[in-house]
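Here is a friendly walk through a few local features of one protein model. Have the sequence and the structure open as you read.

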Amino acid sequence: MSTPRRIVIVGAGLAGASAAIALRERGFDGEVTLFGREPHAPYELPPLSKGVLLGKTDEPDWVAESGHYADHGIDLRHTEITALRPADHAAVDATGAEHRYDRLLLATGSRPRTLPGFDGAHLVRTLDDALALREKLTADARVVILGAGWIGCEVAAAARTHGARVSMADPLPLPLQRVLGAEVATVFRDLHADHGVTLRLGVKATGIDTRGDTRVVLLDDGTELPADVVVAGVGAVPRIELAEQAGLDLAAGGVAVDAALRTSAPDIFAAGDIAAHDHPRYEGRVRVEHWDNAKRQGTHAAGNLLDGDDPYTASPFFFSDQYDLGCEYRGLADPETDELVVRGDPSTREFLAFWLRDGHVTAALNVNSWDHGDTLQSLVDTRAPATAKTLTAEPLEALTPTP
């Protein structure tokens, strides 16, 4: 591999911007061009459904201070790339202009999933989305949220904090059940019920009916929910159109990359939401749509864009804030098959949860408990051997492997 002089990054979200910044921090003095779809400078997404919706701030967390990109020779362009030509090492923008590269990073992220028949429902993916929705979260506004995943739950918490009347519907019987399993998901169901959210669980939304000045969300059990505001929080779809058009290998709903984040095309890497990663520590490919993964993969990809060959080995991590509950999740569990071990009393909403597979820790969740973050990270990263007895009765530090 020859040392690159021109690096193009497609996608100016957290992964792409982190990669651009890391390239300069590593001393790369060639051309770095960062293409993004939005008019804003790159920013982090978690504050949108937290601080921005709550009204604590009008801005997200910017990836870098204003002027950083120009000051460090990063050519940030608010222009969409519409095609890749790997054989020519060229990216084509919306005007038809070609941009040659020696190496390219695809970091196109995800777009929110939409529901047929729910035109006009608010989405929460961009800063403009969050600001527009916040204007509608007024006292006594009737807000119907479709989807009880992380976004749905955080929007519900923000809406209730503003005094809105909130209903949340989901086909599953519990919020967050796919990620946390029934026992832990019950904690979140009770949390929202205790804060006045009307939960319509185990039912599907079938459409919206407009009756004069009133909109009504229709559920398949016959329930009708009057709505001044409808929010769709039903997941995201990775933006893989460019990769598909360019003939890159796809897998697990994303772009197939090896352990070092390389795609099937020479000199093209992928990071963030779209990367279906051949993770060295997990079976099969891992594709993660969380903030931490985008930031860390983007930073890591910078080294491999510069002739590195280091595998990306970090464990998935995410956090959520809902009302007075905060939590952090580390690792990757299958709650349907992994053994759940709870340390503490979930009814107090201050506890730790672990998932075990074949006697090893695959994931850990801390809820309103902040003293063991490094220890939990170590247990997950090393897949530490453990049992229900050791996790509940022994000091956690004693379970971490010694260096």
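At what angle do helix α1 and helix α8 pack, and how far apart are their axes?

## About the model

This is a predicted model, in which local features need pLDDT of at least 70, side-chain atom pairs count only at pLDDT 80 or more, and totals for chains, interfaces and linings use all residues. Residues are numbered from 1 along each chain as its sequence is written, and side-chain values use heavy atoms, leaving out hydrogens and water.

## Two packed helices

Two packed helices are described by the angle between their axes and the distance between the axes. For α1 (residues 14-25) and α8 (residues 291-305), the angle is about 40° and the axes lie 7 Å apart. Axes here are lines fitted to C-alpha atoms, for helices over the stretch in contact, with angles running from 0 to 180 degrees between N-to-C directions. Helices (H or I, at least four residues) and strands (E, at least two) are DSSP runs, numbered from the N terminus.

On the α1 side, the residues in contact (heavy atoms within 4.5 Å) are L14, A15, S18, A19, A22 and L23. They meet W291, A294, K295, G298, T299, A302 and L305 of α8. Sorted by class, this contact has nine nonpolar, three polar and one charged residues. In that sorting, Ala, Val, Leu, Ile, Met, Phe, Trp, Tyr, Cys and Pro are nonpolar, Asp, Glu, Lys and Arg are charged, and the others, Gly among them, are polar.

## A glycine in α8

Is G298 buried or exposed? G298 counts as buried (under 20% relative accessible area, with a 1.4 Å probe and protein chains only) because its relative accessibility is 0%. Leaving aside residues up to four places away in sequence, G298 touches A15, S18, A19, A271 and N293.

## A loop threonine

T108 sits in the loop between β7 (103-106) and β8 (110-112). Its side chain reaches the backbone oxygen of R239 at 2.7 Å. Not counting residues up to four places away in sequence, T108 touches V10, G11, R239, L242 and I274.

## Strands around β18

Strands β17 (residues 250-251) and β18 (residues 254-257) run antiparallel and are joined by two bridges; strands pair if DSSP finds at least two bridges between them. L250 stands opposite V255 of β18. The hairpin of β17 and β18 has two residues between the strands, and there A252 takes a positive phi near 50°.

With β20 (residues 275-277), β18 runs parallel, joined by three bridges. Here A256 stands opposite A276 of β20.

Definitions and conventions:
Polar contact = N/O pair within 3.5 Å; in protein donor to acceptor, adjacent residues only side chain to side chain. Buried < 20%, exposed > 50% of the residue type's maximum accessible area, 1.4 Å probe, protein only.
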